[in-house]
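What follows is a walk through one protein model, from a single residue to its pockets, a helix, its cavities and a few loop positions. Please keep the structure open while reading.

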Amino acid sequence: MSQAQHPTRRQALKLFGTPLMLPISGLGAGLGLTACGGGDDAPAITFTSASFAAMAAPSLADPAAMAKTAVASSLDVVLSDGSKQSFKLAYQPFFMTGDLVPDGKGGTILAGGYVDINNKPILDTTVAGKERQFFSDSPDGTSLLSVANPTVSGIKGKAVFAVVQFEYTTWAQDGKTDMYGKLPSPIAVLTLDQDQTTGKLSLVKYHNVDTSAAHGLWITCGSSLSPWGTHLSSEEYEPDAFTIASNTMFKAYSKNTFGDETKANPYHYGHMPEVTVNPDGTGTLKKHYCLGRISHELIQVMPDNRTALMGDDATNGGLFMFVADKEKDLSSGSLYIAKFGAGFSIDPAAAGAPVTWIKMGSATSAEIEALANTLKPTDIMDVQTVDPKDASYTKIYFGGKVQWIKVKAGMEKAAAFLESHRYAALVGGTMAFTKMEGTTVNAKDKIAYSALQNMQSSMVRGNAAWNEAYGITLEKALNAGGVLAHTLSSGQKDTAGAAINSEWVVTQTKTLLVGEDIAADALGNLANPDKIGAPDNLKFSEKLRTLFIGEDSSYHVNNFVWAYNVDTKVLSRLVSMPSGAEATGLGVVDDLNGWTYITSNFQHPGDWSASLHSKVQATLDPLVRANYKDRFGAAVGYLTSEATSVKLNKL
């Protein structure tokens, strides 16, 4: 381009796209683009809106596309002068798990590698003569952020950071030994060099966060970025303390973490960890014990810096809320469980159901950790699996089964925060949902969103886990799941009449989107591939006015990432993951040094299911194995624009 580059024009380059970035800058923030041929006094051309043009689902006509992260979508930008720009999108990984990546000290480190409580590598010895450090095939929650005054060396542009957690590894290298939940979840800080001309992010340092002070991490799934710039992690599927003696998975976890299968304490897991990134590219982790011990999947802190809405990836799960005592500090506050009134429906045209809140208790993280350190489950409550015929016990639904419980005298706080599922049912919460996973917020409209990966079992009339009194009733399961929309309001009181100190309280819930179960199609899909299927990760972009949805589906042959524009109501398929892989690590940052990014990972490529993949497995398995380290590797990365799509004629 021969024209002189004014500062406003350099800023405009970010909008019009260059390789390896999502080509939007300063969305809605008075982007300084001068008109073509005009001087500095010419009217500025500003960003107006953006939409995504969908890609088709890949098919066996192109098996290579089904066996990789395929992107054939585009981003369409409308400017204030009425002109439009369109950019083809692409996917750029930071690394693949199992790669040796820079450690920032002149050496390398194994991406996604597992270490024990003493930060020593955990070795996979299942194949004699080929011993190696375990590494994850299941990267999950990812947060992209900046830190003031970074000190990492080797940065040519600006230093930005990503926190990435690894949920589990599926198999040992012998391909026979199931490793799910048997290893302590690693969590890493990536230092990335952000090119200020192109927006490209390049990995310069990978740092394993020390989790020993938090007793290690167990099954870290989805995550979110807090409003104050920390990574809010998760521990999914809290281990049942009452049956821990027979839990072989948890014993293996304890053995691999501590060297002793009896040392891990179940009450130390099922909580919400938080990672603070340090200027030197390291991270500091603390685990918050006062947000309820539930199946933490992903939480969303509201713009008040205090109110957290929490996903609960369980059968007989509930909608939980935590209101912190202080802004930007989740170490103390009050825990609530939602109670739904009549009107819940999976019809998006229905009005929805009113929601009220039952206060479960108030606590600090320190006091609940102290209780976790000292109490046994039988100190807290008595649990019976057969009706004791005793009126002092309460019948509840827990994990798909009926139980009868009685809290020991003076143990209400311990029950609320360490046996949160059981206590929430005891106090009257609506414990009816199945696999309520990602949560996010549309702050402008004061609407939160929750993903129900499936609508099954405890939501379906006549199922053993279904309780009619909860008022959540489907006549048949919807395996493809859906997304709920929650109205957020101020001035609310809990069911005891006490004020809730938040302006972001859910008061009504309705269905926004649903999938569609089908008979197997030509590829084997069991849910309509042109609709969402088993939504999991959710993230909302305020500037794009778009809800991003990542799938964890046993009903789509390939899982997808979708974009749903909340104004136009258009649903667009953006990305197709390798067949058998789950879409994870979804994140949206509207403005990071002027650039907009969408992060996206996947996990367990080629995790074949006979009921779903029988028509494609023979063709795709060798391709997936060739792409992803014999199915042991998975990618961590982000959406970009293709260089071939860049058009600078507006300049």
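This is a predicted model: local features need pLDDT of at least 70, side-chain atom pairs count only at pLDDT 80 or more; totals for chains, interfaces and linings use all residues.

Asp76 is part of strand S4, which covers residues 74-79. Setting aside residues up to four places away in sequence, Asp76 touches Ser49, Ala50, Ser51, Ala53, Gln85 and Ser86. With Ser86 there is also a polar contact, side chain to side chain, at 2.7 Å. As a guide to distances across the model, Asp76 and Ala527 are separated by 451 residues in sequence, and their C-alpha atoms are 28 Å apart in space.

From this residue we turn to the pockets. The largest pocket holds about 590 Å³ of space. Its lining consists of 28 residues, and those nearest the centre are Leu225, Ser226, Gln300, Phe540 and Val588. Which elements give two or more residues to this lining? They are the strands S10 (138-145), S14 (224-225), S18 (296-301), S26 (433-442), S30 (535-541) and S34 (582-592). S34 gives the most to the lining of the largest pocket, namely six residues. Sorted by class, the lining of the largest pocket has 13 nonpolar, eleven polar and four charged residues.

The second largest pocket has about 450 Å³ of space. It is lined by 29 residues, of which Tyr168, Asp552, Glu582, His604 and Asp607 are the closest to its centre. Two or more residues of this lining come from each of strand S11 (158-168), S26 and helix H8 (610-613). The lining of the second largest pocket divides into eight nonpolar, twelve polar and nine charged residues.

Next comes a helix. In H4, residues 365-374, the buried residues include Ser365, Ile368 and Ala372. These three lie on the same side of H4, because they cover an arc of only 70° around the axis. The spacing follows a general rule: an α-helix has 3.6 residues a turn, so residues three or four places apart point the same way. What do the buried residues of H4 pack against? Their partners are strand S17 (283-288), strand S21 (329-340), strand S22 (353-364) and helix H6 (412-418). On the other side of H4, Ala366 and Thr374 are exposed.

How many cavities of 30 Å³ or more does the structure hold? There are two cavities of that volume or above. The largest cavity has about 110 Å³ of space. Fifteen residues line it, and the closest to its centre are Val115, Asp116, Asn119, Val209 and Thr211. Six residues of this lining are nonpolar, seven polar and two charged. The second largest cavity has about 40 Å³ of space. The residues around it are Asp124, Arg132, Gln133, Phe134, Phe135, Thr169, Trp171 and Phe632. By class, four of them are nonpolar, two polar and two charged.

Asn559 is found in the loop between strand S31 (546-551) and strand S32 (560-565). Is Asn559 buried or exposed? Asn559 counts as buried, because its relative accessibility is 3%, under the cut-off of 20%. Apart from neighbours within four places in sequence, Asn559 is in contact with Glu551, Asp552, Ser553, Val575, Ser576, Met577, Ala581, Glu582 and Ala583. Its side chain reaches the backbone oxygen of Ala581 at 2.8 Å. Two of these contacts, Asp552 and Glu582, were met above among the residues closest to the centre of the second largest pocket.

The last two residues are picked out by their backbone angle. Most residues other than glycine have a negative phi. Asn305 has a positive phi near 65°, and Arg545, which is not a glycine either, has a positive phi of about 55°. Asn305 lies in the loop between S18 and strand S19 (307-317), while Arg545 lies in the loop between S30 and S31. Asn305 is buried, with a relative accessible area of 11%. Arg545 counts as buried at 12% relative accessibility.

Notes:
Residues are numbered from 1 along each chain as its sequence is written. Side-chain values use heavy atoms; hydrogens and water are left out. Helices (H or I, at least four residues) and strands (E, at least two) are DSSP runs, numbered from the N terminus. Contact means heavy atoms within 4.5 Å. A polar contact is a pair of N or O atoms within 3.5 Å; within protein, one must be able to donate a hydrogen and the other to accept it, and residues adjacent in sequence count only if both atoms are side-chain atoms. On a 1 Å grid over the protein atoms alone, a cavity is a set of points where a 1.4 Å probe fits but cannot get out, and a pocket is an open set with protein on both sides within 12 Å along at least five of seven lines; lining residues have an atom within 4 Å of a point. Grid points are joined across faces, edges and corners, and a volume is the space filled by probe spheres set on the points. Ala, Val, Leu, Ile, Met, Phe, Trp, Tyr, Cys and Pro count as nonpolar, Asp, Glu, Lys and Arg as charged, and the others, Gly among them, as polar. Buried means under 20% relative accessible area, exposed over 50%, partly exposed in between (1.4 Å probe, protein chains only). The arc is that of the directions from the helix axis to the C-beta atoms.
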